[in-house]
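Please have the sequence and the 3D view at hand.

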Amino acid sequence: MTDDVLILGAGAAGLFCAFTAGQRGLRVRVIEHANKVGKKILMSGGGRCNFTNTGTTPANYLSANPHFCKSALARYKPADFIALVDKHGIRYHEKELGQLFCDESSKLIVRMLVDECREANVVIQTDCSITAVSHRNGRFEVATSQGVYTAASVVVATGGLSIPSMGATGFGYALAKQFGHTVLPTRAGLVPLTLSGKPLDDLADLSGVALPVEAKAGDASFRGGLLITHRGLSGPAILQISSYWQPGEPLTLNLLPDVDAADWLAAQQAERPASELRTVLSEALPKRYAQRLCERWIANKPLRQYRVAELKTIAAQLENWPVTASGTEGYRTAEVTLGGVDTDGLSSSTMMSKQQPGLYFIGEVVDVTGWLGGYNFQWAWASGHAAGLAV
């Protein structure tokens with residue numbers, strides 16, 4: 001069967017690209033190997049879908065080429081997607097830091113994308129696995145479990161390796177290599193960190209305890225919640241820093257991100273010299289966590305018994321608490337995949353391959369990875385929009 005555009009993958013980027021191209025009068029077919037579209041959209045944001053971030057800038061993305069994402073992001077902004085959400089009457093709210101979530105369900109975002117595709121006469125085929133992609137005589141040929149399709153353009157929107165239980169595969173990377181593209185090394189991003197041995201033994205029974213921290217690795221730092229789990233550490237601050245941290249590199253936490261620890265401890269000593277350190281720390285940190293600090297790492301005694309230098313040392317510890325993480329939980333729970341199709345081989349304005357005219361790569365399969373908080377969806381919309389206008 002002959003189409004103008006074949007889009008491989010019915011996730012956020014693929015569906016957005018599909019109706020953008022369809023609105024231009026093109027015959028568009030979306031091929032999805034899973035049994036339904038938008039599976040990762042459905043599970044995102046705890047089922048509420050953090051569909052964009054109003055503060056999106058290129059600085060919120062990791063890529064070997066930090067400039068690559070600028071063009072697409074400038075041409076399709078959060079306000080543009082919000083206008084689409086408003087058009088469909090979907091109610092939403094800002095949770096924090098520009099993060100927009102559906103009031104009701106992420107199903108509404110999937111329905112919106114599918115409705116836009118329907119209005120643009122896009123054909124969506126699910127349960128359709130691809131066995132081969134080739135290019136001859138100026139057209140692409142895609143062999144699938146439901147037949148062979150040909151088109152002048154193919155858009156690869158197959159996602160990354162994160163959450164294989166949702167059907168994630170490395171198909172897009174293999175296809176990129178087939179057509180001469182470099183694929184940069186991939187790894188799990190926005191993912192919980194694991195502890196092992198003594199570091200895990202020290203904290204495992206505190207699973208469920210949460211506290212605000214600032215996590216630091218290299219030049220990157222993120223403030224947010226930390227959650228102790230039975231495998232290690234999670235929570236927004238940890239997920240964010242996981243994209244920057246590499247095993248073996250230093251990772252530290254500021255356990256008192258809202259105060260100057262030295263000034264605070266000195267003030268506590270002056271105001272309540274008879275109080276024990278663990279009592280004072282229990283008022284600034286979760287009680288069980290504060291007590292563990294004083295059981296394992298910091299000598300506990302009445303504040304009056306600490307010399308000024310000792311309190312300064314403790315303050316420095318609290319502001320730069322070392323974490324000995326053994327690794328990450330990997331793709332199984334990662335929200336995104338870092339790395340991917342090298343942007344040097346793509347046009348930043350159209351997402352088209354420089355090696356193979358008519359072949360496009362969008363969304364997570366490309367080496368552009370956003371922070372936690374709606375940025376990856378905005379990249380999906382923006383890159384899908386760019387390709388949808390170009391195919």
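Predicted model: local features only at pLDDT ≥ 70, side-chain atom pairs only at ≥ 80, totals over all residues.

## A pair of helices

Let's start with helix 1 (residues 12–22) and helix 5 (residues 107–119), whose axes come within 8 Å and cross at roughly 30°. Angles under 35 degrees count as roughly parallel, and the two helices are therefore roughly parallel to each other. The crossing of helix 1 past helix 5 is left-handed.

On the helix 1 side, the residues that meet helix 5 are Leu15, Phe16, Ala18 and Phe19. Their partners in helix 5 are Leu113, Glu116 and Cys117. Sorted by class, this contact has six nonpolar residues, one charged residue and no polar ones.

## The nonpolar cores

In soluble globular proteins, nonpolar side chains tend to be buried together. In this model, the largest nonpolar core has 76 residues. Those with the most contacts inside that core are Ile7, Phe81, Ile109, Leu113, Phe361, Trp379 and Trp381.

Trp379 is worth a look in the viewer. Leaving aside neighbours within four places in sequence, Trp379 is in contact with residues including Tyr61, Phe68, Met351, Val366 and Gly384. A second, separate core has 44 residues, among them Leu193, Leu226, Val323 and Ala325.

Beyond its neighbours within four places in sequence, Thr252 is in contact with Glu214, Ala215, Lys216, Asn320, Trp321 and Pro322.

Note on methods. Residues numbered from 1 in each chain as written. Heavy atoms only, no water. Axes fitted to C-alpha atoms, helices over the stretch in contact; angles between N-to-C directions. Helix = DSSP H or I, 4+ residues; strand = E, 2+ residues; numbered from the N terminus. Parallel < 35°, antiparallel > 145°, perpendicular 65-115°, else oblique. Left-handed = near helix turned anticlockwise from the far one by under 90°. Contact = heavy atoms within 4.5 Å. Nonpolar A, V, L, I, M, F, W, Y, C, P; charged D, E, K, R; others polar. Core = buried A, V, L, I, M, F, W, Y, C linked by side-chain atoms within 4.5 Å. Buried < 20%, exposed > 50% of the residue type's maximum accessible area, 1.4 Å probe, protein only.
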